[in-house]
Every structure is written in structure tokens, then in C-alpha cells.
Amino acid sequence: MEVTKLDILNPETRTFIQPVKRINEGHHVSRFLMSKAYRDIMVFVLQLNRAMYPCLSQDASSSKQVIQAWELGASDVSLSDTVRQIRGLIGQLNSIIDEVPPDLGPRRFGNVSFRKWYELVEARLPDLLNDHLPPSILSAGSGSEVNAKAELLSYLLGGFGSSQRLDYGTGHELSFVAFLGCVWKLGGFENSASGNEERGIVLGVIEPYLELVRRLIKTYTLEPAGSHGVWGLDDHAFLPYLFGSAQYGPAISETDKTPVEGSLTSAPDPADVTKTAIVSRERTRNMYFSAIGFIYDVKKGPFWEHSPMLYDISGVRAGWAKINKGMIKMYVAEVLSKFPVVQHFYFGSLFSWDKDPDAVPQPGTVHTASQPTVSAPSGAAPPQPVTKSPPVVHPMATSSSFVGTAAPWAKQSSVTSPMTAFPSQVDQRSISQTPRHPSDSNSRTAASDRTGGQMPTNMPPPLRAPWARTSGE
């Protein structure tokens with residue numbers, strides 16, 4: 001199977017522009033979902049995701065099938081020079097934290113010392129890029145007012161949170177992925193059919209970046225940005241769950257289609273996210289469990305209580321590939337289709353606001369309905385005239401059976417329970433019964449087993465991910 005990859009451009013013939021803000025009102029999200037930037041983001045994310053599935057090959061001498069999984073820190077993944085250089089750049093940013101200890105004074109929200117760290121990074125980043133990226137990439141377009149370096153700086157600096165709001169979220173994570181996509185488009189990464197470079201990007205760059213971000217969050221107590229609290233997947237990140245679920249998917253050959261169900265034989269059960277011993281073991285091997293481990297580091301109490309969406313997903317029976325497929329849908333719906341997340345994304349020449357000529361409008365969904373309206377900030381470039389076109393969803397992330405989630409505040413009533421927020425996915429006969437884990441419709445055994453033999457008391461009705469079905473798996 002030929003994998004769709006992000007196009008590599010000729011930087012010498014490219015006209016670069018300073019990235020600017022385009023999404024100023026809620027209905028601009030629908031326009032974004034029909035842009036070239038959205039198309040390229042999805043292509044790049046799916047390209048990286050596909051590479052993280054275990055590989056199935058045949059031993060030439062014995063004719064036996066060989067399965068190669070891709071764990072964190074695996075020596076089987078060779079890192080290209082560009083990957084090593086960007087990894088080194090992240091290490092330099094990490095060391096700047098040591099120069100800026102957190103402020104010890106009283107505070108209500110994020111630590112103001114984060115602003116000092118951010119200022120140092122902003123001042124040093126141009127030189128750090130010169131030290132860690134090839135001159136052929138950075139100097140592209142030097143004959144014009146804006147060169148490639150200006151676009152790279154914009155996305156990279158946007159990947160470490162907001163110094164104004166003292167927060168970090170999936171929109172900043174998106175900006176960092178766009179930075180890597182820019183490097184790919186400019187020919188900075190090696191392009192091979194084996195997917196080794198993509199694995200190097202995920203394991204050698206994105207995971208160290210996530211470790212840096214987690215240290216920033218813990219050091220400067222950064223607030224979640226654009227988070228739905230317990231109604232969201234994670235306070236700060238999304239991609240480790242996407243790539244981590246792919247790591248546990250069934251092994252595939254280069255000609256196989258990306259699977260939609262099944263798991264690697266040696267993969268832990270999805271329900272093991274509630275078992276701290278297994279989380280401690282797997283967090284050093286897998287990105288999904290690494291993110292789960294960080295939740296345990298910063299949150300206390302029952303897992304089902306502080307992370308109900310992840311707890312719900314842990315009941316999926318069809319395997320890690322099923323979870324991975326759902327994560328792709330959820331990334332489109334909960335990250336790329338949400339105004340609070342994408343409103344701070346900037347558009348240049350490499351990730352363009354121009355309309356994708358191949359984009360086909362899709363019927364509107366709950367995720368793009370009732371978007372907020374805000375006034376454009378002073379000095380912001382006005383968006384191109386747009387109409388409230390229905391959103392477009394990437395072909396690989398669509399499903400006729402997709403059912404959207406709904407937050408409790410998306411109702412007209414003043415108080416809405418999780419049961420009424422998801423009426424189409426809940427057996428109304430169970431409302432008066434003791435809440436159960438979604439994977440067990442007949443008994444309390446599953447929830448009891450996954451909480452160390454103790455059934456949670458006063459457990460709220462479980463949230464439901466779009467793909468976490470109780471039947472038909």
C-alpha cells in the first residue's frame with residue numbers, strides 16, 4: 001500500500017510569508033477545515049501515525065515472519081542527522097529551565113517565571129536554529145523580505161505554551177507539529193519508503209518534546225489551554241495517545257492497509273491504564289502509557305474520576321488499532337475542529353490558509369456548530385472573506401457511524417448529567433443501577449478487576465468515546 005506523504009517543496013522557488021492569525025471568529029473554523037493547511041496537517045499526522053505500527057516482514061533465511069515493534073528508546077530506529085540536531089535543540093531548551101527557577105511567591109495560577117524562560121527562549125531561538133538546522137533550509141528565500149527561517153521560528157516558538165496566559169494545550173502541540181512539517185516540506189528530513197525517518201521524528205523528536213513540555217508544566221504549573229477538564233481526553237496533549245496506540249497495533253507489512261482493529265500480541269490490555277505497576281513499566285516503552293504516567297504524576301484520586309474519558313476508552317475490546325482509529329476521528333473533532341484550540345494557529349506559505357481545491361464540504365457536526373464569535377485583535381490580519389461552509393473531514397478520518405460527544409455545558413438546561421449528554425449511547429435502563437464500566441454490560445466484574453478488586457463508590461456514569469461501543473465490536 002502506497003502511503004500518502006507530505007509533499008517536499010523546492011525552497012528556491014518558494015515565496016515565504018510571515019505567518020499570521022486567520023481564525024478570529026467561530027465560523028472561520030469551517031473555512032480552516034477546507035484549507036491547504038488542514039489538509040497538510042492531516043497528511044503529516046497520518047504519515048507519522050502509520051509509521052508507528054509494528055512492522056511485519058519475512059526472514060530471508062528461515063522464511064519465518066518477523067515482527068518489529070517500535071518502543072521508546074529502541075535502538076532499532078536509526079536517527080538521521082536532522083532528527084539528532086532537533087533533538088539536541090530540545091535539549092538546549094530543556095537546560096534553560098535550570099537557569100530560571102520557579103518564583104516562590106504566592107500565586108493563584110501559573111508561575112510567572114515561565115515568562116522569563118519564554119523570553120530567554122525567544123531571544124536565543126534564532127541562533128539555536130542556526131546551530132541545529134542546515135543553512136540550506138534556513139536561508140531559503142533570503143532574497144525576499146521573509147525567508148524560511150521566519151516561518152520556522154513562528155511555529156517553533158508557538159509550540160511551548162503562552163507566556164501571556166501561562167498555559168499550554170493541544171494548540172501549542174499542533175504548532176510544534178507544524179514546525180516539523182515545515183522542516184519536512186523544505187527537504188530537511190530523509191524521505192524513504194520504510195517509514196524509518198517518520199519513526200525517528202516521533203521517537204527521537206516528539207517524545208523528547210513532550211518530556212520538555214511536561215517538565216515545563218510541572219516546574220511552572222502551567223494551566224491547561226482550551227481544556228474541557230474531565231470532559232476532555234487530556235489537559236494538555238493529544239498526540240501521545242494517537243502514536244502510542246499505533247505502537248500497540250497489530251503488525252503490518254508495507255503493502256497492508258492501516259488496520260482498524262486488533263493488537264500486538266505482547267501489548268498490554270487497554271484496561272491496564274488503571275494498574276499503576278503496569279503503567280510504571282510501560283511508560284518507558286510506549287507513548288500512550290508515558291502520557292498516562294504523567295497523569296498519575298500530577299493528579300491524585302481514582303483514575304476513573306479524574307480521567308473518565310480515558311477510563312471509558314480503556315474498555316474498548318477490539319484492540320489498540322480500534323482505539324487508534326478512534327483517536328484519529330477524535331483529533332479532527334476535538335482539536336482541529338475546536339475554535340479555542342485552532343484560533344491561535346498561524347498561517348504562512350508552508351501551511352497555507354488558501355482553500356484546498358480538492359476539499360469536499362461535509363455535513364456540519366456538533367463539533368463545528370455553535371462556535372463562539374469574537375472580535376479580531378487589533379493589528380491582526382483580516383481573514384479572507386468566507387462563508388459558513390460545512391466542515392470538511394479528512395477521508396481517512398470519516399465514518400458514517402461516528403457519533404459526536406457533547407460537553408455538559410453544550411445544553412440549554414442549567415444542569416446536565418453525563419447520561420443526558422450522551423442519550424443515544426447510554427442504555428437508559430442502567431440509569432437507576434450502579435454505574436458500570438462500558439466494557440461490561442452485565443456485571444461489575446470488569447470495573448472491580450481494574451481498580452485492584454475494589455469497586456469505586458459513587459462513581460459517575462461513564463463518559464463515552466465515539467468508538468467505545470458495547471456491541472458490534
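Biologist: Why is Cys 55 called partly exposed?

Modeller: Its relative accessibility is 24%. Buried means under 20% relative accessible area, exposed over 50%, and partly exposed in between, with a 1.4 Å probe and protein chains only. Cys 55 therefore counts as partly exposed. This is a predicted model, in which local features need pLDDT of at least 70, side-chain atom pairs count only at pLDDT 80 or more, and totals for chains, interfaces and linings use all residues. Residues are numbered from 1 along each chain as its sequence is written, and side-chain values use heavy atoms, without hydrogens and water.

Biologist: What makes Cys 182 count as buried or exposed?

Modeller: Cys 182 has 0% relative accessibility, so it counts as buried. Of the 473 residues in the chain, 54% are buried.

Biologist: How many disulfides are there?

Modeller: A disulfide is a pair of cysteine sulfur atoms within 2.5 Å. By this rule the count is 0.

Biologist: What makes a set of residues a nonpolar core?

Modeller: The members are buried Ala, Val, Leu, Ile, Met, Phe, Trp, Tyr and Cys residues joined through side-chain atoms within 4.5 Å. The largest such core here has 120 residues, and Leu 93 and Trp 117 are among those with the most contacts inside it.

Biologist: Which residues is Leu 93 in contact with, leaving aside neighbours within four places in sequence?

Modeller: Contact means heavy atoms within 4.5 Å. The partners of Leu 93 include Trp 117, Phe 160 and Leu 212.

Biologist: Where does pLDDT stay under 50?

Modeller: pLDDT is the predictor's confidence in each residue, from 0 to 100. One of the stretches under 50 is residues 385–455. Where pLDDT is low, the predicted coordinates should not be read in detail.
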